[in-house]
Amino acid sequence: MSAGRPLDGADAASPAQPLLAVRKLHAQYGATRVLHGIDFEVRPRGITTVLGANGAGKTTTLRAVCGMVRTQGEILLAGDRIDGKATEDIVRRGVAHVPDGRGTFSHLTTEENLRMGAYTRRDKNEVQADYERMYAWFPRLKERRRQQAGTLSGGEQQMLAIARALMLRPRLLLLDEPSFGLAPLIVRELFDILGEINAAAGTSILLVEQNASLALRLADHAYLLETGRVVMSGPAERIRDDEAVRRSYLGY
Ligand code: ATP
């Protein structure tokens, strides 16, 4: 099985078929039920955001998609069931997860971290070309290619975590709170780059965020989670203009 699809090609899933379709998804930790039958989709080349307060189940939603938590319900990637599959298998199908807390290898250099991201790939020449592609998107990483990841700033570590995930050439990138703990200027820079990557490479994104205003600017579709249930969904623009959402989540 190859890892995902080329970065610069359109996704093979037909426009009518969602890249990711989640139906009646339940998730639990031991006896604790956290998701109660949620439905959502990510379009091919689309950006979907899942918003919600602390503890709503956002992180669990991403963990469920990549097979890291016990679930019931259906998770389809380009029409194929992936629920119940091993995380390793889901990664090989082209789903890359950037967890909260980033999880870069702190004792390895920037470039060694990028190499780890490409571990499933056999196309060594193209991997080499992808380093340069990552450095074009994230010039700060190029300046710090030989620096230990643990010594990078928070923003640089987040960029490295995303670049490392992109080295898999994923068809779907799962991002857990990429804005967390970063200065507003860095967050804006990061979200601009995410928009460019989506537009240029066609990588679909499922973004979990507490920063609703930023996420709604980047995404085309949004879902609002409250204690494990979807309470509102629709085009991001419409959600952004909704009076109740504005008051509760956007603060204006
Ligand atoms: P936050 O924004 O605070 O990260 P979240 O929306 O991502 O919140 P989750 O991390 O998915 O929420 O957590 C949802 C619920 O599941 C919470 O009540 C949390 O306490 C519980 N939970 C999360 N991880 C575990 C675990 N490993 N074992 C038991 N309960 C857990």
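Colleague: Which element gives the largest share of the lining of the largest pocket?

Modeller: A general idea comes first: rolling a probe the size of a water molecule over the atoms shows where empty space is left. In this predicted model, strand S6 provides the largest share of the lining of the largest pocket, with four residues.

Colleague: What volume does the largest pocket have, and how many residues line it?

Modeller: Its volume is about 430 Å³, and 20 residues line the largest pocket. Val 91, Ala 96, His 97, Tyr 119 and Arg 164 lie nearest its centre. Two or more lining residues come from each of helix H2 (87-92), strand S6 (95-98), helix H3 (110-117) and helix H6 (154-166). Sorted by class, the lining consists of 13 nonpolar, four polar and three charged residues.

Colleague: How many bridges join S1 to S2, and how many join S1 to S4?

Modeller: S1 and S2 run antiparallel and are joined by eight bridges; within this pair, Ala 27 stands opposite Leu 35 in S2. The two strands form a hairpin with two residues between them, and Gly 30 in the turn has a positive phi of about 55°. Strand S1 (residues 20-29) also pairs with strand S4 (residues 70-77), in the antiparallel sense, over seven bridges. In that pairing, Ala 21 stands opposite Leu 76 in S4.

Colleague: How many of the eight residues of H1 are buried?

Modeller: A helix may be read by its turns: an α-helix has 3.6 residues a turn, so residues three or four places apart point the same way. In this case H1 is mostly covered, with six of its eight residues buried. The buried residues are Lys 58, Thr 60, Thr 61, Leu 62, Ala 64 and Val 65. Just after H1, Gly 67 takes a positive phi of about 70°.

Colleague: What is the strand order of the six-stranded open sheet, and what is its pairing?

Modeller: The order is S6-S7-S8-S3-S9-S10, and the pairing is mixed. S6 and strand S10 (229-235) stand at the edges with a single partner strand each, so one side of each has no neighbour in the sheet. On average, neighbouring strands of this sheet are turned by 15° against each other, direction ignored.

Colleague: How do S7 and S8 run, and how many bridges join them?

Modeller: S7 and strand S8 (residues 204-209) run parallel and are joined by five bridges. The bridge partner of Asp 176 in S8 is Val 208. Helix H7 packs on this sheet, touching strand S3 (47-52), S7 and S8, and its direction makes about 155° with that of S8. Helix H10 (residues 243-250) lies across S3, strand S9 (221-226) and S10, running at about 65° to S9.

Colleague: Where is Ser 179 found, and why does Ser 179 count as buried?

Modeller: Ser 179 is found in the loop between strand S7 (172-176) and helix H7 (184-201). Ser 179 counts as buried because its relative accessibility is 10%, the cut-off being under 20%. Apart from its neighbours within four places in sequence, Ser 179 is in contact with Val 187, Phe 191, Glu 209 and Asn 211. From C-alpha to C-alpha, Ser 179 and Glu 189 are 10 Å apart in space, and they are 10 residues apart in sequence.

Definitions and conventions. Residues are numbered from 1 along each chain as its sequence is written. This is a predicted model: local features need pLDDT of at least 70, side-chain atom pairs count only at pLDDT 80 or more; totals for chains, interfaces and linings use all residues. Side-chain values use heavy atoms; hydrogens and water are left out. Two strands pair if DSSP finds at least two bridges between them. On a 1 Å grid over the protein atoms alone, a cavity is a set of points where a 1.4 Å probe fits but cannot get out, and a pocket is an open set with protein on both sides within 12 Å along at least five of seven lines; lining residues have an atom within 4 Å of a point. Grid points are joined across faces, edges and corners, and a volume is the space filled by probe spheres set on the points. Ala, Val, Leu, Ile, Met, Phe, Trp, Tyr, Cys and Pro count as nonpolar, Asp, Glu, Lys and Arg as charged, and the others, Gly among them, as polar. Buried means under 20% relative accessible area, exposed over 50%, partly exposed in between (1.4 Å probe, protein chains only). Contact means heavy atoms within 4.5 Å. Axes are lines fitted to C-alpha atoms, for helices over the stretch in contact, and angles run from 0 to 180 degrees between N-to-C directions.
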